[in-house]
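Please keep the structure in view while reading.

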Amino acid sequence: MRRTVLGWLAAGFAVLSVSAVSSSVVAYHEDARSRPAVVALVHGGPHAVNTAAANLPVLAVVGASFSAGTGAASPTQAWPQVLASSIGWRAVVSADSGAGYLVGGAHALGPLNRLLTKLDLPHLKPALVIIQSGHNDVGQPDARVRAGVVQLIREIRTESPTSAIAVLTVFPTGDHPSKIVWDTDSAIVSAARSADPGVYVFDPLVSSWRFPRLPDQLHPTPAGHRWIADQLASDLRADGLVHGPAQVPAVRRPTA
């Protein structure tokens, strides 16, 4: 019923911390406007994960501010890391606030296809890739949004053919989104399904997700990040992607 994607960012960020839940090394940068970017380094060098963590199924996430940890105390407490902890996986995240299928983001690390290149999916071999984006593409021509979605999903499928793919679509501002927001959401969902009939769709707009938000009425509070992680964990189990706390999902390939 629903789907999403995972990733890895490259940049010289100032603060390093070790995730207790996934043993990934996370680098975190936040500018004066509180628009973070996050990168997880997992391959080689001094930041390689330990053997135990390396053996866990990988949740790869490529996305925007929600995935970068806006509203969370740190990226290790953002929804991707909380979700990975709850299902016994390791999260690897590539995200930039403001990024989208078409737009570059606050730190010019996007758009998403550029963020994706930092993941090295053939090496990472994630069990699941979640693409979290859409809000920042609202107002872009629907045809261009659809083309961006199709291109990204095809790139993921080519680089990691056995991974399950999911899209986590538009998070609206407030509780009364405009028609243009709905149109962008619909464009993303239809394009994702045309690119890969087996894609999973997690749609906060259609599903009327309600979680604790910051005063901007968009981004989640720390409790909101936990709510999103819990919701996705429940949805992943309902869709048969997670059967236990540390099991690799049975990937369902498209039939046509």
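## An enclosed strand

Strand β6 is largely enclosed by the rest of the structure, because 5 of its 5 residues are buried. The model under discussion is predicted. The side chains of β6 are divided between two directions: Leu128, Ile130 and Gln132 point one way, while Val129 and Ile131 point the other way, and all are buried.

Two other strands are paired with β6. Strand β4, residues 58-63, runs parallel to β6 and is joined to it by 5 bridges. Within this pairing, Leu59 has Leu128 of β6 as its bridge partner. Strand β7 also pairs with β6 in the parallel sense, over 5 bridges. Here Ile130 stands opposite Ala166 of β7.

## Gln132 in strand β6

Gln132 belongs to strand β6, which covers residues 128-132. Is Gln132 buried or exposed? Its relative accessibility is 4%, and the cut-off for a buried residue is under 20%, so Gln132 counts as buried.

The side chain of Gln132 has a polar atom 3.0 Å from the backbone nitrogen of Ala64.

## Helix α8

Helix α8 consists of 17 residues, 222-238. From its first C-alpha to its last, the helix reaches 25 Å, close to the 24 Å expected at 1.5 Å a residue. Just after α8, Gly240 takes a positive phi of about 80°.

Which residues of α8 are buried? They are Gly224, His225, Ile228, Ala229, Leu232, Ala233, Asp235 and Leu236. These buried residues pack against helices α2 (65-68) and α3 (79-87), and against strands β6, β7 (164-168) and β8 (200-202).

## His225 in helix α8

His225 lies in helix α8. With a relative accessible area of 0%, His225 is buried. Leaving aside residues up to four places away in sequence, His225 touches Phe66, Gly69, Thr70, Gly71, Ala72, Gln77, Ala78, Trp79 and Pro220.

One of these residues, Trp79, has its backbone nitrogen 3.1 Å from a polar atom of the His225 side chain.

## The chain as a whole

The protein chain has 8 helices and 8 strands. Of its 256 residues, 54% are buried. Among contacts between residues at least 6 apart in sequence, 76% join residues at least 24 apart. The accessible surface of the chain comes to about 10,000 Å², and 55% of that surface belongs to carbon and sulfur atoms.

## Confidence in the model

The mean pLDDT of the protein chain is 81, and 75% of its residues reach 70 or more. Where does pLDDT stay under 50? One such stretch is residues 40-48, for which the model has 23 contacts beyond four places in sequence. Residues 246-256 also have a pLDDT below 50, and this stretch has 26 contacts in the model beyond near neighbours in sequence.

Terms used:
Residues are numbered from 1 along each chain as its sequence is written. Side-chain values use heavy atoms; hydrogens and water are left out. Helices (H or I, at least four residues) and strands (E, at least two) are DSSP runs, numbered from the N terminus. Buried means under 20% relative accessible area, exposed over 50%, partly exposed in between (1.4 Å probe, protein chains only). A polar contact is a pair of N or O atoms within 3.5 Å; within protein, one must be able to donate a hydrogen and the other to accept it, and residues adjacent in sequence count only if both atoms are side-chain atoms. The expected span of a helix is 1.5 Å times one less than its number of residues. Contact means heavy atoms within 4.5 Å. Accessible areas come from the Shrake-Rupley method with a 1.4 Å probe; for residues, only the protein chains shown count as cover. pLDDT is the predictor's confidence in each residue, from 0 to 100. Two strands pair if DSSP finds at least two bridges between them.
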